[in-house]
Each structure stands twice: as C-alpha cells, then as structure tokens.
Amino acid sequence: MMAPMAKAEYGRKLIIQLLVVLLVVVQLVAGKTTRHYSFHVRLKNVTRLCHTKPLITVNGKSPGPKVVVREGDRVIIKVHNHVSNNVSIHWHGVRQLRSGWADGPAYITQCPIQTGQTYVYNFTVTGQRGTLWWHAHISWLRASVHGAFIIYPKRHVPYPFPKPYKEVPMILGEWWNANTENVINQAMQTGGGPNVSDCYTINGHPGPLYNCSAINDTFILNVVPGKTYLLRIINAALNDEMFLTIANHTMTVVEVDAVYTKPVTTNTIMIAPGQTTNVLLTASASDYKGKQFFILASPYATGQGTFDNTTLAGILTYSKHVLFNTSHLNSSSNFTNAIIPKLPVFNDTAFATNFTLKIKSLANAQYPALVPQKVDRKFYFIVSLGLNPCPKGQKCQGVNGTKFTASINNISFVMPTVSLLQSHYTGKMKGIYKTNFPDNPPFPFNYTGNPPKNVTTPMNGTRAKVLPFNTTVQLVLQDTSIAGVESHPIHLHGFNFFIVGQGFGNYNETKDSPNFNLVDPAERNTAGVPSGGWVALRFRADNPGVWFMHCHLEVHTSWGLKMAWIVKNGKGPSQSILPPPPDLPPC
C-alpha cells in the first residue's frame, strides 16, 4: 500500500499534470502556441569572392535561422553569446506590446549580452501577420547576424490573396571582404565615409556577376510552370536601398512590413534597408520551359558619398537543373540562356517615388487602416547629415578636412552606457538622458536650399521625447541639404505608422496637409524620407516603454541620426510596461 505522504505527493503531481494538459488544450482551442528557439552566436569561417574570414553567425549560418510563428503566438528565443563582441537582437517590426525588454537595441531597451552570457527574449506576437525579420542591433554586427521572421495568420484564416504554391524568403544583404567592425571603427576615427561593401547577396549568395563567385554560390529560384509563388523579400543591407527586378516577369505587391496592401503589379520594386515586401510571382504556363531569367538587384543611391555600385544576380529557372555549369564567372555573357532585365539607373528618384506612392493599405473591414483622423501632438523633425570640426592634431577625411556627423533637429544622439528603458522604469534618469528633445528645428532656414554656415555642426546629446499613453502623433520628417540631400529610411521601434503624405522641397503645413491620405495610406515600420523632401507620418502612442527611432542606413545611425520616444504608462496593468525579466543583461 502507498503511504499517506506518497499518496499526497502522487496526487499533487497528478493535479499539476492535469493543469498542464488543460493549459495546452486551452492554447490549442485559442489557436495559440509557444514557439521556442535557441540562437547560438558564434564565429564561423566563411568564404565568398575567394576571401575567407571569421564571420559572426547564428547557429553557424548567415543569414541565420528562419523564425516561424503564427499571429497570437508566444515566442521564446534564448540567445547564447559565444563571441568576443557584445550582442543584442532586435525583432524588427514586432510591436512588442508592453514587452519593450525584448525589443533588442543595445543601450536603449537592454544592455548587450556579454561574452559567455545568455538572454531570453520573451514576447507575444499580437495583431500582426506577414514578413518581418530579426537582426543584431549593436554596431555593425547585423551585416551577418540577421534572418527572416515569418508570421502566419491564425489557423483557418486565409491570405487576402490567392494561396501561393510555394513561399520563398529572399534576403538582400551585403558582404565585405574586411571585418565590418574594423570598417566602421576606422570611419569613426578618420571622420570619413566607410569603405563600401564588396558585393551584394541574396540569402548569402553573391551570384555570378562578381569576380570569383561561382554558379554554386548563386541564388536559384526553381519554378513550376503555371504556379504562383510568394516571394518574401527583405532588405537586410547595411547602407543601400535597392531596386529588384526579374526578367520577363511581373510581380504583384500584396504586403509591406507585415501589413496587407492593395495589389500593385510592377516589373521592379524599390526596397529600403529595414523594409520587407511580399510579392506574388506567377510562372508562365508553357512559354518559358527550359529557360533561365536573371533576378537582378542594384542600389538606389541619392547621396554624394561613394556606394557599392554593383549589380547582384540570381537566377529564376523553369528547369529542375540549371543548364549551364561554369565556375568563376565574371560576365553575364557566359549565360547564353539567361535573359537579362533592365534596372532603373542608380539615382532614379522618379521611379522610387512613383513606386512608393502606389503602395496603399488594404483598408477593408477585416484589415482596416486605423489612421488617426485627429492628432494631439504635431512634430517637425529635420534629419540631416552634418560636419564636425576635426580635433586638433588629427587629420580627418570628411568634407574639407572635417568629420561627418548626423542629427535629428540638430541633436546628434550620444548612446548611453546603460539602458534607457531601465533608467526610465526605475526613474533614475539623471546624468543618463534628458527629455527636452525639441518639437521643431531649433531655428528655421531653407532646409532644402543653400544652408547657412552656422547649422553644419549639431549639438551632441542623449535626448528623448515623452508622450502620454494613447497620444495621437503627427510627425513630419524633413530632409536637409546641410551636407547634401539624401534619402533616409527611418525606422520606428514599437509601432507601425501611416504614411499620410510626402513631397519634395520644404514641408508647408497650410499647402501640404489638406492633401494627406487619411483613408488608405501605406502602413509601415520603416519609411523613406525623400531626398530633398519630406514625409508625414501618423501613429497612436499606445505602447508604453522606450522606443528607438533611427535611420536604417547604418552609417547614418553610427553618425548620430537617431533619437528615442518615451511613452508613459496608461491606466492599470494592461496599459503599463511589464516588469523587467530576471535575466536582463547587466551593463
């Protein structure tokens, strides 16, 4: 017979097991699941373009593992840091409702994960479905530390477009033969622009147009005649907006930044760093059997600095095996069977603008566009490149011997040495950051004309803008010509926003705001400020925490084109940030 204490223990274990089973059943009925991933950040020797170097990877791969979840799922990702660099991971575009501790930007929502340490990112994907991505968010580590983050709709909820035969992630990236940390460190010391990448890649493959890049290092998309494919395109490049086209094929845009759109059919897309674009591609039913078509991507560049002006190639083929078998190719003339498409020229702002303006939210009953019709606060931020004087005794490589810098409203952001979110949460902000970020430029001037000399050098500071919970915001981002006009893809953490308007020249509230689209504007997390122009965004500040906003051209972020928003708690626990996790990395 079982002793009384043993019976009690047996009963306790049985109750726990029943509760676990009940919890699983409840989650299955609700369509919710907990997804577990382990990320091991470690070095691996990688060879591309006949150069071998130790590359920082996740689980030995770059791009790293694809995270696949459903809307409503809880996600638990344990990151192990096995390299000498500090590491943090950002889940780009995930709203992180009340879970800012899992957002990932180093020194903004967490201190980085130090060598030999771990951190568990724990969050729930709420009200989102589509293609996002993840990447390192410290220095330039995201050059190799990135991957796709795919959110499927809830079970039994179909796409609002024809179901594809197959889904294919396509991650655009950059490769340097040199160590990227050395590249940016040298640039920050000299004050000049950093060395550009040696090639572009699709899913890590440079393709056949580069010297010493073989056919076995080419992205190949094998298609079945008559079938429709969903291409999940992600721009993970550090410093380049990209055009992408596929010879003799059209693409239909159906989603951007994990938000469904009205369908837009095009031969070419433009995609900025940080953005995602889902397109449908239907393979020809019969005409193209046995043929190959180039998938080409090249940069869209508007600034005055140097850039990687090369062309990336992949292959779309209708055959199960490629018909060419050559190695170390350096010219498209080797591909006698491959059809070559035409790309826009590198500075085709007209195409980039027209493509961007075509993107509209689906805005139907199931997926409404909840555009704030009235706003509580209006902000006007100028985003600028600038020039700092060269320190005495040093030779600098910026314009006229200066050092490049960048700013928002004349404030070049200085990264703190502790997490802003921790400082905000504990109320210990003294000496760490100030909350007097300006609502408008400190003094007005002709932002896109000839700038006065006294505006070229910004102030340095760690400043944030504070918003009450649920504030509706209108933010106009204005490019300037201080050190030359340039397009700036701006990413806002913690929120999606609606792109209600954009134009060239200086924004004029009286003239421009009546033309805002408040019905079906594009909803995104990353928007391009047009070169020599402006973009108007609206969002509701319904997510308490500290949220980074920065240019997704990594060099501009390094120079200081960034700031932070602080959204206060609302009423009660459901409108308040969760407590910090016990394993939050120390500084």
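## Disulfides in the predicted model

A disulfide is taken here as a pair of cysteine sulfur atoms within 2.5 Å. The model is predicted, and a search of the whole structure finds three such links. With the bonded cysteines of the protein chain numbered in sequence order, they pair as 1-3, 2-6 and 4-5.

## Cys 390 and Cys 396

Cys 390 is joined to Cys 396, with an S to S distance of 2.1 Å. The angle about the S-S bond is 80°, and this link is right-handed.

The two ends fall in separate accessibility classes. Cys 390 has a relative accessible area of 21% and is partly exposed, while Cys 396, at 12%, is buried. The cut-off for buried is under 20% relative accessible area.

## Cys 111 and Cys 587

The sulfur atoms of Cys 111 and Cys 587 lie 1.5 Å apart, and the two residues form a disulfide. This link is left-handed, with -60° about the S-S bond. Cys 111 sits in the loop between S5 and strand S6 (118-124), and Cys 587 in the segment after strand S33 (562-567), so the bond ties together parts that are 476 residues apart in sequence.

Cys 111 is buried, with 1% relative accessible area. Cys 587 is exposed, at 52%, because the class of exposed residues begins over 50%.

## Cys 50 and Cys 212

A further disulfide links Cys 50 and Cys 212, with 1.4 Å from S to S. Cys 50 belongs to the loop between strand S1 (34-48) and strand S2 (51-58), and Cys 212 to the loop between strand S10 (199-202) and strand S11 (220-222); the pair therefore ties together parts that are 162 residues apart in sequence. Cys 212 is partly exposed, with a relative accessibility of 24%.

## Other cysteines

Cys 199 takes part in no disulfide; the nearest cysteine sulfur to it belongs to Cys 212 and is 11 Å away. Cys 199 is buried, with 0% relative accessible area. Cys 551 is likewise buried, at 0%.

S5 and strand S7 (residues 130-136) run antiparallel and are joined by four bridges. Trp 91 stands opposite Trp 134 in S7.

Methods. Residues are numbered from 1 along each chain as its sequence is written. This is a predicted model: local features need pLDDT of at least 70, side-chain atom pairs count only at pLDDT 80 or more; totals for chains, interfaces and linings use all residues. Side-chain values use heavy atoms; hydrogens and water are left out. Two strands pair if DSSP finds at least two bridges between them. Helices (H or I, at least four residues) and strands (E, at least two) are DSSP runs, numbered from the N terminus. Buried means under 20% relative accessible area, exposed over 50%, partly exposed in between (1.4 Å probe, protein chains only).
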